[in-house]
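Please follow this explanation with the sequence and the model side by side.

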Amino acid sequence: MEEVKVEKPLNFLEKIIEDDLNNNRVPNGEIVTRFPPEPNGYLHIGHIKSICINFGLAQKYGGRCHLRLDDTNPEKEETEYIESIKEDIKWLGFDWGKHEYYASDYYDKLYQIAVNLIKEGKAYVDSLSAEEMKEYRGTLTEPGKNSPDRDRSIEENLRLFEEMKEGKHPEGSFTLRAKIDMASPNINLRDPALYRIKYATHPRTGDKWCIYPMYDFTHPISDAIEGITHSICTLEFEDHRPAYDWATSIDGIEHTPHQYEFARLNINYLLMSKRKLLYLVNNHFVSGWDDPRMPTISGVRRRGYSPESMKDFVARVGVAKVEGVVDYALMEFCVREDLNKRAKRLMAVLDPLLLIIDNYEEGKCEYFDAEDNPEAEVKTSHKVAFSKYIYIEREDFMENPVKGYHRLYIGNEIRLKHAYYVKATSVDKDENGNIIAVHATYDPESKGGSTPDGRKVKGTSHWVSRDHAVKAEVRQYDKLFKAENPGEATGNYLDDLNPDSLVVIENAYVEEEAKKAKVGDYLQFIRNGYYCVDNKDSREDHMVFNRTCTLKDSWAKQKAKMGL
RNA sequence: UGGGAUGUAGUGUAAUGGUAACACUGCAGAUUCUGGUUCUGCCUUUGGGGGUUCGAAUCCCUCCAUCCCAGCCA
């Protein structure tokens, strides 16, 4: 085997890191990154990008990546979210080892740093109300002005801050603020709040604290404490970098991490805002955070996407500072490419039409070998039962075939996959003229799916034997939104909800082999799509299959072009 | 109208002063026991205008467009 080495171009973060490494700017040459979600919701596909960047960079350069739960706002955070976050990262295949941290681990240190800041005259307790503070802050074009409390004495600041911590003041009465510059063109530097009073129970620290540190104070210091070398976040934090650098240059903080920003992942047809996703969950537009239509990690997992395909997807998207919108089609491509290689092929008929093979012996049953996956290196197969009464897909028969149709119609011969060639002879109709059965004859010579004379057929249909097939529920999932940019047209994303995002087929027929399928297996229902076993609702006696995605369908395109 | 950032095919990402490219999408065809897969080909690109240079996506000037920031959220 000849190994072809393709130099993969470096993204801008890798360039920065390699440059830092080459110039000895990294302590011990060990790259330390972190993935720092706030546990206020479930992780979504956008987070996969961040996870892959942070864990991926650490892996590539032989460093480590911390998991840090940024839990500084107890009003929004829940243990349920912490658990789901950890599960989702593991599902993707990343391991933070012992490096599981919580911003709340640093509350004591943070408090001490704040006290020191006050002692140095670099922070003060402000009694301005939220509204007043807003007024004093100025606007984007006008500088702010100093709070009357800005020159409060150090002793009084110390006393008040202590009292805040002791719970002697109500929420909103005081904040601790950094003394930076009320006239800064960067609003984040106009004396940002460092601490606020909140009488909320924290998922980890309970009621120990009633003052909680703010992001701009907590995050950089947490990074410094953990020895993070490259603190990577999304673009909207660019304006916060000066605040980040202010915090990491506080006296006594020895390690200086640096912040870098990349563009977050946007995908058309999907919503990636935690707020909107939470709304969909709370108002039952979906069954939960893990509804297979949700762009959450738990949603795509339940939908049947593989972690490998998701990682491949974000790798193909790349890392840059340009904010754009990635095509949903790229994600589907990645899923199909991966699943094509590993999904076990099965036959399932979702919209059955009875096919009666008139010259096939009544009561006879044959078992054919059906290959599990034509792409597999090691070929395996399973048995599939054949008999006189067969279900085929209703759309695989046409009484009056249109141009280009090469499936079953009267007089036409097709192949039943793995089985025989059959030729349609007549149809049975009910009193309303609906076709209820198709009659056909089979060619015994074509056993196994090919004939000695080598004649070709243009169509091959999947099928199941009526008396051997198993009934199952099949959930046909499609995009949750039918607009590329939900809400763009009317201003309300709910207006773009796809009414057909879930079509449940209660009584689909699947071949017996499907009974062996387990949660986590990747399946392909031949000529139909990729499927998985639902990880919540599937039972042995009532299997539930979720459609992960359809197969590419060039016939559907062709039909659409013909206006059918 | 303050500050910060970003503009390369339809989409995303490369090319760091030396032939603009890769992937997806789209289109056409070949192969095929999945109208899938695979294979082949095609389409289309440096936001505008100036300048420097033998040579500019890249450097300079200027204009334009888009995004982010006025939480006691992260």
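Two strands are said to pair if DSSP finds at least two bridges between them. With this definition in hand, one may turn to the structure, which is a predicted model. In strand E3, Tyr 101 is the bridge partner of Arg 68. Strand E2 and strand E3, the latter made of residues 100-102, pair in the parallel sense over 3 bridges. To pass from E2 to E3, the chain goes through helix H3 (residues 79-92), and this β-α-β crossover is right-handed.

E2 also pairs with strand E1, which comprises residues 32-35: 4 bridges join these strands, and they run parallel. Here Phe 35 stands opposite Leu 67 in E2.

In what order do the 3 strands form their open sheet? The order is E1-E2-E3, with parallel pairing. E1 and E3 are found at the edges with a single partner strand each, so one side of each has no neighbour in the sheet. From one strand to the next, the twist averages 35°.

A residue counts as buried when its relative accessible area is under 20%. In E2 (residues 64-69), 5 of the 6 residues are buried, so the strand is largely enclosed by the rest of the structure.

Helices also meet the sheet. H3 lies across E1, E2 and E3, and it runs at about 160° to E2. Helix H7 (residues 215-226) packs on the sheet as well, touching E1, E2 and E3. The direction of H7 makes about 140° with that of E2.

Finally, the backbone angle phi draws attention to two residues in loops. Asn 24 is not a glycine, yet its phi is positive, at about 55°. This residue is placed in the loop between helix H1 (12-22) and E1. Is Asn 24 buried or exposed? The cut-off for an exposed residue is over 50% relative accessible area. Asn 24 has a relative accessibility of 70%, and therefore counts as exposed. Tyr 269 is likewise not a glycine and has a positive phi, of about 70°. Tyr 269 is situated in the loop between strand E9 (258-262) and helix H9 (274-282).

Notes: Residues numbered from 1 in each chain as written. Chains lettered and ligands numbered in written order. Predicted model: local features only at pLDDT ≥ 70, side-chain atom pairs only at ≥ 80, totals over all residues. Heavy atoms only, no water. Buried < 20%, exposed > 50% of the residue type's maximum accessible area, 1.4 Å probe, protein only. Right-handed = clockwise from strand over helix to strand, strands pointing away. Axes fitted to C-alpha atoms, helices over the stretch in contact; angles between N-to-C directions. Contact = heavy atoms within 4.5 Å.
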